[in-house]
Amino acid sequence: PRYGLAKTYKLKLQCVYPEKAYMGQTTKFFAKRVEELTNGKVKIKVFWPGQLVRTKEAFDALSKGMIDAYSGSMLYFAGYVPEVNCEWLPFGWANPGEAREMYEKRGWLDLMRAATDRHGVRYIAPLCVTSMGLITKFPVHCVADLKGRKIRAVGMEAKIMDALGAAPVAIAGAEQYMALKRGTVEGTDYPFYTIGKYKFYEVCKYIVRPALHTPGIIEILMNKQAYGSLPGDYQAAVDRAGWEAFLRTVKLSPTWDEKAFKTCKEKNVTIIDLNEKAVANFRKATLPLWNKLEKRNPITGKLVTRLKAYLKEKGVQID
Amino acid sequence: MKKILDFIDGMNIWIGQVFSFLILILMFVIMYEVIGRYFFNAPTRWSNEISQYLLACVAMLGAGYCLVHDDHVRVDILHRNFGPQTRALVDILTFLLVLIFVTAILWKGGELCWDALIHNKKSMTILELPLFPSMVMVPIAGCLLGLQGLARALRAFFFLTGDPEFIGEKEIEA
Amino acid sequence: MEVSTLTITVFGLLVLLLCIGVPISFALCGIATVGIFFIWGPKGLYLMFNTAYGEATNFLLLAIPLFVFMANMLKFSGMGDQLYEVVYRWMGRVPGGLAIGTVVICALFAAMAGISSVATISMGLIALPSMMKRNYEKNLAIGSIAAGGALGILIPPSIIMILYGAVAEVSIGKLFIGGIIPGIVLCLIFIVYIFFRVLINRDVAPPVQDRYSFRQKLRVLGGVILPILLVFLVLGVIYGGVCTPTEASAVGAFGAIICALVYRKLTWSNLKTALWDTMKLNAMVFWIIIGALSFSHFLAYAEIQDLIHETILALEVSPWLILISMQFVFFILGMFLDPAGIIMLTTPIFVPIVTSLGFDPLWFGILFVINMEMAYITPPFGFNLFILKGVVPPSISMTDIYRSIIPFVLLQAFCLILVMVFPELALWLPEKMITR
Ligand code: NA
Ligand code: NA
């Protein structure tokens, strides 16, 4: 179709974060940029949590074209998109810039696109969701401190806690605060900004740096057919808007972390900074996860191998 | 015909009653988790997921059972005062509505279940259990609900046509 | 089709189907499917499966079958008889004592069960004949049972709160604690009303003639031990950090089985009847959830939700007026629909508005539940009224029952206003027990 005369496209995007949350705002930014870059010809209507489909069912809905786009974590679908686990390997990249390096220069973006392509889904862009790691009621200075401790964690996070010797407890997110308050669990593996936002400072005494994930990654995804039905220049516009949204989170993620650390200081939550040796031990304990994932399939193999290679270049011991 | 309809009733009642015992198992599974976690500091890896499987069975397989005796709640301000003919018409209309969404569930849900089966889709948990067994409960529920709706509608239909076998029955119900 | 035309068509159709008595869940599922097909196309139909599967594996909703089972088990346990005997011997001679005692028993049942039917059935079978025999006024006797039974959803645990918490993403634990004070307040309001009613006119509740020695009184007191233990067990495991509110349902159900065992009522026939009834009621609730959620997904997709949201927020009126109007909407809906249906239908639309207006969704949830107390006893569709009709002697007509609830609905409305004017009634305890 010719440029100025092209028809308009209206896409429905299900976002799993509330409008006011950082990721809700980033999703709105993405939608706005798509509209700007296509002169209003591609409109993305964002639906807020639960409006069209709940998170657990979102990937099926997306791959079947029930919804056109999705912004949220793919971790829920790790049972059939195992590649997403690579984005959540603990103690991998050390900051958003390094994550960017992986996606941009080391082929991660293309690999993730290949991973979701099989399911009829276009991987538009990753988004950084601030640091995510241990928020606990007890101090953690070394791996042994976690031994047998009940930590709320699901999916990949549960596997990590398991590898670290903790006892992962799967309880619903909505019940987390009270479970922490009452001691049903002794800690959680969660984004640091929630220390203020969900008032975890009221129920936890410690956070542990570096976070397991600095930063964690979520995704903007699109149904492949919906993406394919757009003219080429609009497809490029969508990809570009996605990448701009990513760069926005690369820039903002550290400031969101800073806010969390400020909250910690104001609310007397102790920030524990692990020493280099402790971090090495933590990483070592989770290495079986890395290695298992590396052997899972050709794509996870490439993702993990490249990340390991990159870390080695940076002088991080990884085998 | 009446025999077939009685068979459908009987099947749904049987399924509902037999699978109701899963509620007890559900209770023990959660108790096990709670006791293990609190007293022995040993949460299980499986209770959460198994409970969800059990819940899917209980919630889905009861649908037809609940319809046998017409226990799905309704606004009965008018219905209460309807004669048996009008009630029979409502039963037929109800079946049409059930047919509509059951078709959607079987068609699209069947497709998703099939995908889960052939691609061996798994859950996100440590156990990575297959999703198919719990997913398939939904189309099964669709079938049971559809059959029971059909049975009720046919009874209503034969009642309206004046079939002697079905006349007594409706009047007792009313 | 214009969104506004569509809105009118959809709601018109829904009202029509509901009025002629199509089961609520099927009316919602049916309309949602047709609507989705026309607005969204066949692709949208995945939604029906997605919603059903999603809710059938929603961990928070695990508590529904278990709390229902717990209630059904308690119904068989014979606990009601023993509790009533206590009331009879200790309070029989107090003016209105039997009615007051019945309300207290209802509150105790409410603290054990997540639904309202247990107390209503038990007291309908035990307390009502007893009060009638002692010449209690019909209205007072029936009303106190119907309204007392409804306390079941306000005093924790509560299935209605679980539903609200799961949809509005409000902590179920906080909702549970938030219901305690309003529940006690409502219970006290009933008691004060009964007491003064009897003070003004002794004839409505003549004192019992039987006299009991202190020893005889003491002997029956054992009957309150087990119920109180069970209350403390369920609340204790939640607030003692043993488990989450969801998991507490399993502990409660187990406790109810033990109670039945202690009272020697744990027969094979009781157990299986309890399970079968649970299976039915649970399926009913789940299909209402599925229907209402499918319907609300459809409303969101068709942008009807936006229309309602924007229209309401565009009104240049005080937020309080909107809040009060919502309570009226709940009250009207409560006359015709059951609370589970109302919650699933309105929460996705109302809660975002309430939050935009700056109100606390926790407080709104408690207001909602108090409102639903009324729904249980307002005609024409009042769950507790039907249950009562099923267990009372034939001499009591539906009209008698309708008449009896009027003062109690007004008292509930008064409690609703109290909690609206003093949000602390709902928010102070959660703040105290959870936040710090
Ligand atoms: Na209760
Ligand atoms: Na009502």
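1. Leaving aside neighbours within four places in sequence, A:R152 is in contact (heavy atoms within 4.5 Å) with A:V169, A:I171, A:A172, A:G173, A:Q176, A:V185, A:G187, A:T188, A:D189 and A:Y190. The model is predicted, so local features need pLDDT of at least 70 and side-chain atom pairs count only at pLDDT 80 or more, while totals for chains, interfaces and linings use all residues. Residues are numbered from 1 along each chain as its sequence is written, chains are lettered from A and ligands numbered from 1 in the order in which they are written, and side-chain values use heavy atoms, with hydrogens and water left out.

2. A polar atom of the A:R152 side chain does, however, lie 3.0 Å from the backbone oxygen of A:I171.

3. The sodium ion (ligand 1) is coordinated at 2.2 to 2.3 Å by C:A110 (O), C:A113 (O), C:G152 (O), C:I155 (O) and C:P157 (O), where donors are N, O and S atoms within 2.8 Å of the metal, or 3.2 Å for Na, K and Ca, and sites may look incomplete because water is not among the atoms. Both C:A110 and C:A113 are buried.

4. The contact between chain A and chain B takes 22 residues from chain A and 20 residues from chain B. Six salt bridges are counted between chain A and chain B; B:D115 forms a salt bridge with A:K64, with the closest N and O atoms 2.6 Å apart.

Conventions:
Polar contact = N/O pair within 3.5 Å; in protein donor to acceptor, adjacent residues only side chain to side chain. Buried < 20%, exposed > 50% of the residue type's maximum accessible area, 1.4 Å probe, protein only. Salt bridge = Lys/Arg side-chain N within 4 Å of Asp/Glu carboxyl O.
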